[in-house]
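Please look through the structure shown here, beginning with the chain as a whole and moving on to individual helices and residues.

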Amino acid sequence: MEESEEPADGGQSLPPVYIYSPEYVSMCDSLAKVPKRASMVHSLIEAYALHKQMRIVKPKVASMEEMATFHTDAYLQHLQKVSQDGDDDHPDSIEYGLGYDCPATEGIFDYAAAVGGATITAAQCLIDGMCKVAINWSGGWHHAKKDEASGFCYLNDAVLGILRLRRKFDRILYVDLDLHHGDGTGDVSDVGLGKGRYYSVNVPIQDGIQDEKYYHICESVLKEVYIAFNPKAVVLQLGADTIAGDPMCSFNMTPVGIGKCLKYILQWELATLILGGGGYNLANTARCWTYLTGVILGKTLSSEIPDHEVSKALTVLSSLRGRAESFHLIKITSSPLNTVLLRDTPITITHCLGRIVGSCSKISKTFCLFFYKRSQRPTNFNFSINYRDCGKGSPVHTKKSLEYVYFHPLVSKQKR
């Protein structure tokens, strides 16, 4: 059962758009890092009958031309070539970031085109005025660079969504609440370079943070950014790898804390594109995104998960792990280890916010805001890199000569 409360979007009449089709979910289930995750998410949303309160839109597959608004032709052509036969040993694949965390499995190009097309479809729904909020939980793959795959991401659908939204909205705020933001360094002093300077705000956070402190930081920064930037649309990446129990085991969040951040953004009543992202405890990710869907709809969901296919999936997970799996929606236990590691003191946070406020007066059209894990030391598998300037040090541009989206070059290209 569910109880009604005021919708998080302020009670606007248009229902959210929910990007879904059985074919799309099946395609997203094929990603090796998160197998069957898309099905688990949709099944839980369906179990609570939330899909009936949204406008379901079947996604289109992105064309080569649409994908090339950000990615290079050479990268897309190579990805398509190795995808046909699942050629993970092609000698040129290393140059394009394929292998290791981004294996060139058979059909991976079709998967990438499906995800990119779904996010573009969601963005177009916002442009067409079909809704104020459009949701693609299987999107949010923000690590892919212009000319290479990275961090399980083969196509940067977040960028493709922003570029589509630029056809109508002049000022777009990209907010990334994933544990690891898009590729690039992320100290609070990193605000972009050259023409991209002050287009980004980075908020590094130590391990172990919990809901209350995370929301305080999020609200404080978003308030200043909103006043300074006056966005006309928002792209919000809600990776669930911040949730306690995730294999990344860094933050100690629950869906309730992320939900408060989501509510704060939705009360602006702007066109908002909602994306998923990370989340490698599959059951917790399904719980999180279902809970957040309820937040968008203004529904308080019962903690007891209804008897549905998702319960069967959780039962399978339980048997595989050899332990009982909780059937509660948001009953997620914090990790004592991560709590001990918490080092974000009030002084550190105040200093960080002070520097951010100082930069906010200098921002311009498209603005990127990242909340993410602060890395303690370099690793081979580096998520804490920000968007580079399209991989080549030049802006992404739309048809209008003055409309630019800058993703600043902060680090040199790393070879795996």
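A residue counts as buried when its relative accessible area is under 20%, and as exposed when that area is over 50%. By this criterion 59% of the 416 residues of the protein chain are buried in this predicted model. The secondary structure of the chain comprises twelve helices and twelve strands.

In soluble globular proteins, nonpolar side chains tend to be buried together. Here the largest nonpolar core has 120 residues, and within this core Trp137 and Tyr154 have the most contacts. Helix H5, which spans residues 108–127, supplies the largest share of the core, with 14 residues. If residues up to four places away in sequence are set aside, the contacts of tyrosine 154 include Leu31, His71, Tyr75, Leu79 and Leu98, and also Ile108, Tyr111 and Ala112.

Helix H4, residues 73–85, contains serine 83, which is buried with a relative accessible area of 5%. Beyond residues up to four places away in sequence, serine 83 touches Thr105, Glu106, Gly107, Ile108, Phe109 and Asp110.

The buried residues are Pro255, Gly257, Ile258, Gly259, Cys261, Leu262, Tyr264, Ile265 and Leu266, and their cover includes strands S4 (133–136), S5 (172–176), S7 (233–237) and S8 (271–275), together with helices H7 (211–229) and H9 (282–297). The end C-alpha atoms of H8 are 16 Å apart, which agrees with the 16 Å that its twelve residues should span at 1.5 Å a residue.

Side chains of opposite charge can pair when their charged atoms come close. The structure holds one salt bridge, formed between arginine 164 and glutamate 66, whose closest N and O atoms are 3.0 Å apart. Because arginine 164 lies in helix H6 (residues 157–165) and glutamate 66 in helix H3 (residues 64–67), the pair ties together parts that are 98 residues apart in sequence. Arginine 164 counts as buried at 10% relative accessibility, whereas glutamate 66, at 24%, counts as partly exposed.

Key
Residues are numbered from 1 along each chain as its sequence is written. This is a predicted model: local features need pLDDT of at least 70, side-chain atom pairs count only at pLDDT 80 or more; totals for chains, interfaces and linings use all residues. Side-chain values use heavy atoms; hydrogens and water are left out. A salt bridge is a side-chain nitrogen of Lys or Arg within 4 Å of a carboxyl oxygen of Asp or Glu. Helices (H or I, at least four residues) and strands (E, at least two) are DSSP runs, numbered from the N terminus. Buried means under 20% relative accessible area, exposed over 50%, partly exposed in between (1.4 Å probe, protein chains only). A nonpolar core is a set of buried Ala, Val, Leu, Ile, Met, Phe, Trp, Tyr and Cys residues joined through side-chain atoms within 4.5 Å. Contact means heavy atoms within 4.5 Å. The expected span of a helix is 1.5 Å times one less than its number of residues.
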